[in-house]
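Hello,

Here is the structure I promised to pass on to you. Please open it beside this email, and then read on for what turned up in it.

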Amino acid sequence: MTAGNGTPGTGIAGPAGGSAPGSNPIAPEEQAAVIIGSGAGGGTVAYELTKAGIPCVVLEAGPYLTQADYHNDEWAAFSQMAWLDMRTTSGTWRVATDFPNLPAWIVKAVGGSTTHWSGATPRFMDHEFRIKTVYGGLDGANLLDWPITLDELAPWYDKAEKAIGSSHRHGRPALPANNNYIVFANGAERVGYRYYATGPYGTNAEPYDGRPASIQDGFNFQGDKNGSKWSTLVREIPRALATGKLDLRPQCQAVKITHDAAGKVDAVEYLDKDGNLHRQAAKVVCVAGNTIESPRLLLMSASSLHPDGLANSSGQVGRNYMRHMTGSAYAVFDKPVRMHRGETMAGIIADEAKHDPSRGFAGGYYLETLSLGPAFLASFVEPGEWGRGFTDKMDAYERTAGLWLVGEDMPQESNRITLNRDVTDQWGLPVPDVHFDDHPNDVAMRQHAYAAADAIYGAVGALSVHRTPPYPSTHNLGSCRMSADPADGVVDKWGRAHDVPNLFVSDGSVMTSGAAANPTLTIVALAKRQADHIRTELAAGAL
Amino acid sequence: MPDSDPQTSTAPEALSPEQEATLLRMLRVAYPHDRFPDAPYVRTVKTIVDADTDGVVADGLAALNEAAGGDFGSLSESEATAVIERMSRTPFFKLVHATTVVALYDDHEVWDLLGYEGESFDKGGYLHRGFDDLDWLPKPRVEEFDGPPRVEIVQQAGTGTGSGS
């Protein structure tokens, strides 16, 4: 092979674009650890590496919003925080019909989607790390065991739970029951469920780690103005800045990772908010742009050495995209509920989070409290519906309780992120296309879960229960999966690219399978473990 | 939303009072809330007109009247619903629907009518304002179950007993 794949010529602007206040600027030619994204994965890696004295540049595509900037208003917050750059969809999933350019509901801002996450923090279960072994053959599913086990991850789960301040763990108290939970938990008890509680949940019930207790304002999806909810925005990013080793560059979108003639990555090219191209030299690169943007960036970084995309000799970059089996149930009662008051998702039922083939499907699911305001409920409760069937749901708003279904969906090679070369974004770059079809196992699990929701709410006197279809994806997983064998996946058990020794993927893209649990805790645990590995490898001169 | 470029954008054409009345009637039929006054619907009419950059509303209203045999406003609710149903695949209806589900239900008067209380942070959240005031069910346990741990793998019948992990 010849030279690397950097953009030739003089088009690259010299100075770095826009360091955030508190940054310690790093020169463009200094070989830093360059971290792309500042959410659960990127923000955590940045803090762990800077704490160890390693200079880091964090390239964050979105702006640096803080608590004072957030809105207690669903659409205003959505416009402010959500990733709204052009995307396309394909496949038979209903999102492709109802929200064709919004496959995912994730955040473009410092802190990434931790500023939007609900807060539920169950761990993955032991068998969910080895589903090929436990579930066996499932037609059409690309099952694979993880190259790590729950035992290996357990100490990192401990650290992640302490960082987040998960309720019900390590001495953190439970959140109190809010109105939506009172309905949910009473229903659970009456149908015979036992494993329900108001957590584990990553929002403070009492002051912890410099952050206040929840005031139950009901707007944690909208950034949490009170700062009671853990996010990398309130914890890891400011602490990384305080080390003096971080150069945080908001509104800087990575567009290409370059490599040298030897095949090691050597820089990241990125656009600042005005579209000027910059180059930051890198000793190591950590990609943490969430499961749509991370593979997109690798695919956009194709070169003569990596003709199908960087680190894609397996052909698995972008494949095995998972979004969880989801759905919601909204139940109407004859008395007030006022589900919008209080912590949005501080209620979890775990009884169905098990592998029990007698139910007719592999894997399991959780049920979790969920509330939307009228503004969002109108768009999402039954997209496209109008007439009295629709307005009856809205009229019952004050008497409505809600829950979310979240379970393991089966990885499939054909569910994938690709570059759509027919549609370009605001920079003229190919947009990501998100293709998704439910696996029959996902459909069977969803039907079971809807029936469970009917039973729960029926047991406490619901007049009706509406089965709301999946929203645009909030849990985006698996597009750069971990594998023991380089032929099966993109990264190894540390999240290190099989093909490129100093390239890491640090977000939920690395998940070999999706498990049933909300993924943020596991992303944080994996990122802490990965950062420790990178620190060790750097110290040994191995990167 | 950013201001449109005056050189390239099409200024939405104002509707006549008759056209506005037809659109208002259409909204009250398609999104019927009997206890709502006209005001939030009227505001939604204006938002639809502002969103009509492709100029489909005037023709859509004409088509609505035509499908109604001349005067959409004279139809009963069930007749009017049937007419709207026949037009529900048109760009006109899609614009009306996409705009209404956002604008009507983001209207603060509608929030009040539905019992939604909006912004709460500046009022101290709901911690002392009823986050747990539901009184028709008992207060449930908030701690995790303190009995045996959950069985995570249930063996098929005849292949052994369940085993936790």
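This is a predicted model: local features need pLDDT of at least 70, side-chain atom pairs count only at pLDDT 80 or more; totals for chains, interfaces and linings use all residues.

**What was found**

Let us begin with one residue. Apart from the residues within four places of it in sequence, E537(A) is in contact with R496(A), A542(A) and L543(A). You will find E537(A) in helix α12 of chain A, which covers residues 520-539. Is E537(A) buried or exposed? With a relative accessible area of 18%, E537(A) counts as buried, because the cut-off for that word is under 20%.

Chain A has a mean pLDDT of 96, with 97% of its residues at 70 or more. Where in chain A is confidence lowest, and where is it highest? The lowest is helix α3 (residues 95-98) of chain A, with a mean of 96, and the highest is strand β16 (residues 503-505) of chain A, with 99.

Next, have a look at a sheet in chain A. It is an open sheet of 6 strands with antiparallel pairing, and the order is β4-β10-β11-β12-β9-β15. Strands β4 (196-197) and β15 (464-468) of chain A are at the edges; each has a single partner strand, so one side of each has no neighbour in the sheet. As a place to start, M325(A) stands opposite G407(A) in β12(A).

Finally, turn to where the two chains meet. Here 70 residues of chain A are in contact with 57 residues of chain B. About 5,400 Å² is buried between chain A and chain B, and carbon and sulfur atoms give 60% of that area. How many salt bridges does the rule find across the interface of chain A and chain B? There are 7. One to look up is R388(A) with D34(B), whose closest N and O atoms are 3.0 Å apart. Between chain A and chain B there are also 36 residue pairs in polar contact. On the side of chain A that touches chain B, the elements giving two or more residues are α6 (179-190), β4, α9 (374-380) and α10 (388-395) of chain A. Of these, α6(A) gives the most, with 8 residues.

Technical notes: Residues are numbered from 1 along each chain as its sequence is written. Chains are lettered from A and ligands numbered from 1 in the order in which they are written. Side-chain values use heavy atoms; hydrogens and water are left out. Helices (H or I, at least four residues) and strands (E, at least two) are DSSP runs, numbered from the N terminus. Buried means under 20% relative accessible area, exposed over 50%, partly exposed in between (1.4 Å probe, protein chains only). Contact means heavy atoms within 4.5 Å. pLDDT is the predictor's confidence in each residue, from 0 to 100. Two strands pair if DSSP finds at least two bridges between them. Buried area is the accessible area (1.4 Å probe) that two parts lose on being put together, summed over both. A salt bridge is a side-chain nitrogen of Lys or Arg within 4 Å of a carboxyl oxygen of Asp or Glu. A polar contact is a pair of N or O atoms within 3.5 Å; within protein, one must be able to donate a hydrogen and the other to accept it, and residues adjacent in sequence count only if both atoms are side-chain atoms.
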